[in-house]
Amino acid sequence: MLRLVSLFLFVGLALARHEVYDGYGLYKVSVKSADQIELVNHLSSSLDLDVWSHALPGRDGQVLVPKETKVLFENELKAAGVEFTIETDNIKELLDLEDQLHAEALQKSNGSRLESLPFDQIYTYHQVDTFLELLAAAHPETVTLVNAGKSFEGRDIKYIKISSTNFEDTRKPIVFMESLLHAREWITLPATLYAIHKLVIDVTEQDLVRDIDWIILPIANPDGYVHTHGEFRLWRKNRSTNYGPLCTGVDLNRNFDVFWGQASSNIACSDTFHGAAPFSEPETAIIKTIYDQYSSRIELFLDIHSFGSMILYGYGDGSLPPSALMLHLLGVQMAQAIDAVKMSWNPNYVVGNVALVLYQASGSAGDYALAVGVPYSYTYELPGHRFGIGGLGFLVDPAFIEQAGFETWEGIKTGARFVRDNFKKKHL
């Protein structure tokens, strides 16, 4: 009975949600020239639009446009000869559909067994926090829970260390991975939770724990993530209020001390606002402390994002590190491992430099890892196409959750074993 009451309460709340997005349209934009790219980027910036994916020749972009701006946006595109289609005239309807699918999945599930977190739903901050506590208590021989500090709003930021030798064997490389640096990218959470599951609970490949130490940070932006479970499902930044009463939040993936401020926004209301200074935000400062402590052994860093079916490496200004060839080769190997098991309707992964494949970006977590000496650093962009909801980026079909974790894990394993073997060669 309690479960049924909870379900009805969830559905009732869902019906009242997402009003802020009522009438927002999602546009698919096709560009054919540099001039058209510049126009779309200028429009998106001047009209303060939410760019879900950037348009490039041969790859359509997606732009979320408020109701009051639609006519102006469409007229400007038509005048410039830029082709577009409207994927949905009201994104609220799709957000409501996402809620409905999750409510149905919750009804079918056997409940959240927090000691194992089955892959049938997207979990809240508090559920993940409880899971990490229980996991560390149940597996003290391999799992150490670290409370690294507080977010801007005072939430604990916790990560786990997984090791068969309590991180004391310096002959073992470290793989560091994180998810939810951008709050709305819910599908990234199953990737880190699935990795934890396979390294601690359902261990079928012993070498991954025997030969490698792991640091896994499932919720890098807890305040923003909590905010997306309320009215603002599409919130991206953290929740800092240090920049005036009208504009909240910093894009944490523009707040690291590498090319800071060069390809991001100094406008506080922008979704790519870089903050007052590198590491001005407690969330990024906490990630810095992990590098300060372990950078000599971190061989692979994976920053899990969505969406786009991509594996990207630095630098975000388009320059290439000396190790670019090896970065690319390992990126291809990881992509091939994912492609071998991915769902047929999702495209194959694209591998390349972030600025050349996607767009220029500064102050990113991935670039910072390279800058402090991590040999292999990547941004994973998980698929944007879900079977039940369609190709609409950030929205999550519960039917895809376990698959997202499973297929991403295939790429992670490939990268982890590669750096393990290289690390051994360096220390012979």
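Residues are numbered from 1 along each chain as its sequence is written, and side-chain values use heavy atoms, with hydrogens and water left out. Because the model is predicted, local features need pLDDT of at least 70 and side-chain atom pairs count only at pLDDT 80 or more, whereas totals for chains, interfaces and linings use all residues.

**Helix pairs**

Two packed helices are described by the angle between their axes and the distance between the axes. Helices (H or I, at least four residues) and strands (E, at least two) are DSSP runs, numbered from the N terminus. Axes are lines fitted to C-alpha atoms, for helices over the stretch in contact, and angles run from 0 to 180 degrees between N-to-C directions.

| Helix pair | Axes come within | Crossing angle |
|---|---|---|
| H2 (residues 34-46) and H3 (residues 70-79) | 11 Å | roughly 165 degrees |
| H10 (residues 324-339) and H13 (residues 401-426) | 7 Å | roughly 145 degrees |

H2 and H3 are therefore roughly antiparallel to each other (angles under 35 degrees count as roughly parallel, over 145 as roughly antiparallel, 65 to 115 as roughly perpendicular and the rest as oblique). Leu39, Val40 and Leu43 of H2 meet Phe73, Glu76 and Leu77 of H3, where contact means heavy atoms within 4.5 Å. These residues comprise five nonpolar, no polar and one charged. Here Ala, Val, Leu, Ile, Met, Phe, Trp, Tyr, Cys and Pro count as nonpolar, Asp, Glu, Lys and Arg as charged, and the others, Gly among them, as polar.

For H10 and H13, the contact residues include Met326 and Leu330 of H10 and Phe418 and Val419 of H13. Their contact has seven nonpolar, five polar and two charged residues.

**The sheet**

Four strands form an open sheet in the order S2-S3-S1-S4, with antiparallel pairing; two strands pair if DSSP finds at least two bridges between them. S2 (50-53) and S4 (83-88) are the edge strands, each pairing on one side only. On average, neighbouring strands are turned by 30 degrees against each other, direction ignored. S2 is joined to S3 (residues 61-65) by three bridges, and Val51 stands opposite Val63 in S3.

**Salt bridges**

The whole structure holds 27 salt bridges, each a side-chain nitrogen of Lys or Arg within 4 Å of a carboxyl oxygen of Asp or Glu. One of them links Asp223 with Arg155, whose closest N and O atoms are 2.9 Å apart. Asp223 lies in helix H8 (residues 222-228) and Arg155 in the loop between strand S5 (143-150) and strand S6 (156-162), so the pair ties together parts 68 residues apart in sequence.
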